[in-house]
Amino acid sequence: MTAAQHNEGTDWQDRIVSDPAVLNGEPTIRGTGIAVALVDQLLRKGYTAEAITGKYLHITEEDVEACRRHGEILEQQRREEMLRKIEKATPEKVADWRDRIVRDPRILVGKPTIKGTRISVQLVTKELKRGMTVPEILDSYSHIRAEDVDACVKYKATGASLSRMSWEEYDARMANLESA
């Protein structure tokens, strides 16, 4: 790493601090009580650095940029952790997903879904890969729980199909349902 790269990396990092006495140790902009997460959230909602500094007069555009970079790094770490969990899971470790994930030919033509919902495993795992956090998913789909999201990750880790049933499998399951 060159001196310029080192300075570039630490310059923005020097603007972010964590003090247990301020916001329970959440990262804040140095010299303020403004949470880095707040500024990052405003950026994600489409606010410009100029708009944010206009609202919070005691921070600079460099502070806003530091918050953006901090948020990007945290998001990347969350994604990597989620992918590590998916990759580490083996069929022996994922037996508990069976209580929460079902394939019913009457629901989404047999796509695996969270039991009692029309929310597919594929939808949940795609949202996680795109960077949504579990709390964000739970906010978006209020009728599911964190355990359901975990079950989706574990189901996917088994390597089982996320797509719809084949027509032959669909017909066979429908016949079984009709005869029951």
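Helices here are DSSP runs of H or I with at least four residues, numbered from the N terminus. By that rule, D148 belongs to helix α7. Please keep in mind as you read on that this is a predicted model.

Is D148 buried or exposed? With a relative accessible area of 8%, D148 is buried. Once its neighbours within four places in sequence are set aside, D148 is in contact with R100 and I114.

## Where α5 meets α7

Let us turn to the partner of α7. Helix α5, residues 121-129, packs against helix α7, residues 146-157, at an angle of about 95°, and the two axes are 9 Å apart. Since angles of 65 to 115 degrees count as roughly perpendicular, α5 and α7 are therefore roughly perpendicular to each other. On the α5 side, the contact is made by V121, V124, T125, L128 and K129; on the α7 side, the residues are V149, C152, V153, Y155 and K156.

Within α5, the residues V121, V124, T125, E127 and L128 are buried. Viewed down the axis of α5, the buried residues fall within an arc of 155°, so they line one face of the helix. After α5 comes G131, which has a positive phi near 110°.

## The two sides of α2

Helix α2 spans residues 36-44, and its buried residues are V36, V39, D40 and L42. Because they cover an arc of only 160° around the axis, they lie on the same side of α2. A37 and R44, on the other side of α2, are exposed.

Just after α2 you will find G46, with a positive phi of about 105°.

How many salt bridges does the structure hold? There are ten salt bridges in the structure, and two of the pairs described here involve R44. In one of them, the side chains of R44 and D40 meet with an N to O distance of 2.9 Å. Both residues lie in helix α2, four residues apart, or about one turn of the helix. D40 counts as buried, because its relative accessibility is 12% and the cut-off for buried is under 20%.

R44 also forms a salt bridge with E75, where the closest N and O atoms are 3.9 Å apart. This pair links distant parts of the chain, with E75 in helix α4 (residues 61-88) and R44 in helix α2, 31 residues apart. E75 is buried as well, with a relative accessible area of 6%.

Which residues do salt bridges with shared partners join into one network? The members are D40, R44 and E75.

Terms used
Residues are numbered from 1 along each chain as its sequence is written. This is a predicted model: local features need pLDDT of at least 70, side-chain atom pairs count only at pLDDT 80 or more; totals for chains, interfaces and linings use all residues. Side-chain values use heavy atoms; hydrogens and water are left out. Axes are lines fitted to C-alpha atoms, for helices over the stretch in contact, and angles run from 0 to 180 degrees between N-to-C directions. Angles under 35 degrees count as roughly parallel, over 145 as roughly antiparallel, 65 to 115 as roughly perpendicular and the rest as oblique. Contact means heavy atoms within 4.5 Å. Buried means under 20% relative accessible area, exposed over 50%, partly exposed in between (1.4 Å probe, protein chains only). The arc is that of the directions from the helix axis to the C-beta atoms. A salt bridge is a side-chain nitrogen of Lys or Arg within 4 Å of a carboxyl oxygen of Asp or Glu.
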